[in-house]
Amino acid sequence: MSKPPFTSRRRLLLAGLAFAASATLPRAFAVENNAPRDGRLLVVFLRGGLDGLFAFAPVADPNLPSMRPGLSREVLASGIPLGRSGFAAHPACRPLAELYAARELAFAPCLGTTDRSRSHFQAQDLFELGHGRTQGRQGFLARAGEATGGRVRSIGFSANPPLTLQGGDAELLPLSGSGLQLRHDRTLDAIRAMHGTQASGKAIDQALASQAELDRVTGMDPKAARGAAGVAGFPKAAATMARILKEQPRIGLAFIDLGGFDTHAEEEGALGRSLPQLAEGLLALRDGLGAAEWRRTQVLVCTEFGRTARENGTRGTDHGHAGLTLLLGGAIAGGRQIGDFPGLAESRLNEGRDLPVTVDWRSLLGRSLKETQGFDMATLQKVLPGIPGLA
């Protein structure tokens, strides 16, 4: 008899732990003593398609100002250079530039999957399944957990069970907070009916109206987030995650997803708010883990695809192909660019509109799994079938 997904034989964690968790962790998370202290991989998945060219811009490319006359203005004026890479971090990403200077961050400007549809859902499924197809019963982190032979535990901090952990023995600890959007379903209808005309009911309606207006102005498709929490609550979530991971060294594989990166319009304002929250959350994770745990941790910040090289007529960008991925950790080979960047000349773009993939997503994932879990190439081929090599 097959076991239901995400139901651990050891425990089933409660789904309502809030960001403002009490100082005492749930009993299931009592501190483990004398546990193995191998490496750890945490995947932070940004749903919606982050515009990597906004966050880390190729300021040395002569085509940038004409391709992005509005979206490149601030980074060209006051961006933070990323060494001699020819890229600069947007001012909203200053903490990430500081991690790069400290050699605790590397970036791949053109990482992507084999998907060419530019569909949020197809690209997300391809990434999370990790075997080059859009359908399957088991995600790549579930296969990675099996490959450890029970040596490490796996956990998802997502609001909904992520596909990448499907088919494995992972625990699910959904974090909630200010960034978690209410889903429009029967549960929401019941909540609104319960509060009726009370002040709390009016507050709920106002919050929903504000979110709907934000989605309309920015052109964001809320479905692209697949129910993932917004990035606004990430710093608090990251502090909670760090505390759990620090006290549970056997958790070797972890996943969290964040929504709100589908920026078809008014992108500068949207990412100007989101990117500092993302950066602050990553710093909170590092600081909360402490030096020893940070050295054994690798954090991979990914998105399903990048955006178009040109900005559109509504001061945003549309769905693209390759995108930005960040690798962070206390013992990585940081302060460098991973993979080639072909430039923004139209002849070098994919189909004349977006960045081509120069780093297969499985290659960088495979590198992190090798370094944190000790997997050899034969094991990686089982976890990430079709992996072309290591980045």
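On a 1 Å grid over the protein atoms alone, a cavity is a set of points where a 1.4 Å probe fits but cannot get out.

The structure before you is a predicted model, in which local features need pLDDT of at least 70, side-chain atom pairs count only at pLDDT 80 or more, and totals for chains, interfaces and linings use all residues. Residues are numbered from 1 along each chain as its sequence is written, and side-chain values use heavy atoms, with hydrogens and water left out.

I begin with confidence. The protein chain has a mean pLDDT (the predictor's confidence in each residue, from 0 to 100) of 85, and 78% of its residues reach 70 or more. Over residues 177–185, however, pLDDT stays under 50. Residues 213–219 also have pLDDT below 50.

I turn now to the cavities. Across the whole structure, a search finds five cavities of 30 Å³ or more, a volume being the space filled by probe spheres set on the points. The largest cavity holds about 70 Å³ of space. Which residues line the largest cavity? Among them are Asp51, Phe56, Phe87, Arg307 and Leu355, where a lining residue has an atom within 4 Å of a point. At least two lining residues come from each of α1 (52–55) and β11 (323–329); helices (H or I, at least four residues) and strands (E, at least two) are DSSP runs, numbered from the N terminus.

Finally, a pair of helices. The axes of α4 (residues 94–101) and α10 (residues 267–295), lines fitted to C-alpha atoms over the stretch in contact, come within 8 Å and cross at roughly 45°. Pro95, Leu96 and Leu99 of α4 meet Ala279, Leu282, Leu283 and Arg286 of α10 in this contact, contact meaning heavy atoms within 4.5 Å.

Notes
Axes fitted to C-alpha atoms, helices over the stretch in contact; angles between N-to-C directions. 1 Å grid on protein atoms, 1.4 Å probe; cavity = no way out; pocket = protein on both sides within 12 Å on 5 of 7 lines; lining within 4 Å.
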